[in-house]
Amino acid sequence: MSSLPVPNRLFALRRATNEEWIRRMGGQALDTEFALSISGADSLRLSLEDVSLMDLPAVLRKVLAKFSSDAYKEHLPQLDHFRRLATSHPLIPQLDARVLEELRARQPDLGFAAPDEFHFYEVDCFVRRRRRRTCTLNDLSTAGVYDDLDELDGWADPLNGVNIQAHVQEDPLGPPRPLQQYVVADVGHLRDGVSERYVLTAGAWFSVAASYADYLDQVLARVDDETTSYQLPSWDGAWLAEHVEGNYGEERYNRHLSAQPGHVLMDRQPYYGPAGERVEVCDVLTKDKNLPASSDSTDRTT
């Protein structure tokens, strides 16, 4: 739980609102005639002054009016862009079937990411299990997951019959979870002649406003692909663990890369902005303040 002593902007809580679910929030109410303090998640809790049960109908009318109001759009317009589907939503079986279809077709656009509440950069490897069979990989690349499903013979029920567990060295990070909770999918759906967008992340389905999804597609289409400009060393987790000091894979890789002439390690050295805002600019920079553009030809991690 995080709290602020005085009213402030949401990012001052050091919560990445574009990445994390905010499951519960509370604080002092701006409208003191409504409540002294307010908090909510699945239920609403108000702190009131000099209120009796006889006043309850009037209080509930105020709550309903606040709930029906669209005044939140002035400060939190993004709330309308995403809505989580309840697990009982009738559309979920169809969406799950679409993901299973794409998975079995080995679609390259399907992604995989760790949903666990730990820092992904601490992970050394991911262990996949099906019954008594296991596979170990250093990342969650789409091609690697498909290859694992081949080795595990897990295509009969890949989403629920195959479990994944993150590890740092020999120690597990969190419990094993079904592959379905690691899938990141973007699924289009046509209902009553209207195109809708749904995304699956951390095992939960969200509807995304079509206008917002189209806006993001247009923004991303304007971003130049500079991938081929940065010829970084290949990641060899076993070699890094043996030759480079560090507590987890990414730390060792960044140290290895920054050891090359003209490179500076910037990992976990964030820029501090107002009200507790922190931004990690990059992991490694050249002394000319550019991203590394080439690797040492004698690199041992290829």
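Are phenylalanine 112 and tyrosine 146 buried or exposed? Phenylalanine 112 is buried, and tyrosine 146 is buried as well; buried stands for under 20% relative accessible area, exposed for over 50%, and partly exposed for what lies in between, with a 1.4 Å probe and protein chains only.

Before going on, note that this is a predicted model, where local features need pLDDT of at least 70 and side-chain atom pairs count only at pLDDT 80 or more, while totals for chains, interfaces and linings use all residues. Residues are numbered from 1 along each chain as its sequence is written, and side-chain values use heavy atoms, with hydrogens and water left out.

**Aromatic rings and cores**

Rings of Phe, Tyr and Trp (its six-membered ring) pair if their centres lie within 6.5 Å; planes under 30 degrees apart are stacked, over 60 edge-to-face, and the rest tilted. The count by this rule is six aromatic pairs. Phenylalanine 112 and tyrosine 146 make one that is edge-to-face, at 6.3 Å centre to centre with 90 degrees between the planes. This pair links distant parts of the chain, with phenylalanine 112 in strand S5 and tyrosine 146 in helix H3, 34 residues apart. Helices (H or I, at least four residues) and strands (E, at least two) are DSSP runs numbered from the N terminus.

A nonpolar core joins buried Ala, Val, Leu, Ile, Met, Phe, Trp, Tyr and Cys residues through side-chain atoms within 4.5 Å. The largest one has 32 residues, and Val99, Leu103, Phe112, Leu179, Val183 and Trp205 touch the most other members. Leucine 103 has contacts (heavy atoms within 4.5 Å) that include Phe112, Tyr146 and Trp155, not counting residues up to four places away in sequence.

**Strands**

Two strands pair if DSSP finds at least two bridges between them. Two such pairings are set out here.

In the hairpin of S8 and S9, two residues lie between the strands, and glutamine 169 takes a positive phi near 55 degrees.

An open sheet of five strands runs in the order S4-S12-S11-S10-S5, with antiparallel pairing. Strands S4 (82-84) and S5 (111-112) stand at its edges with a single partner strand each, so one side of each has no neighbour in the sheet.
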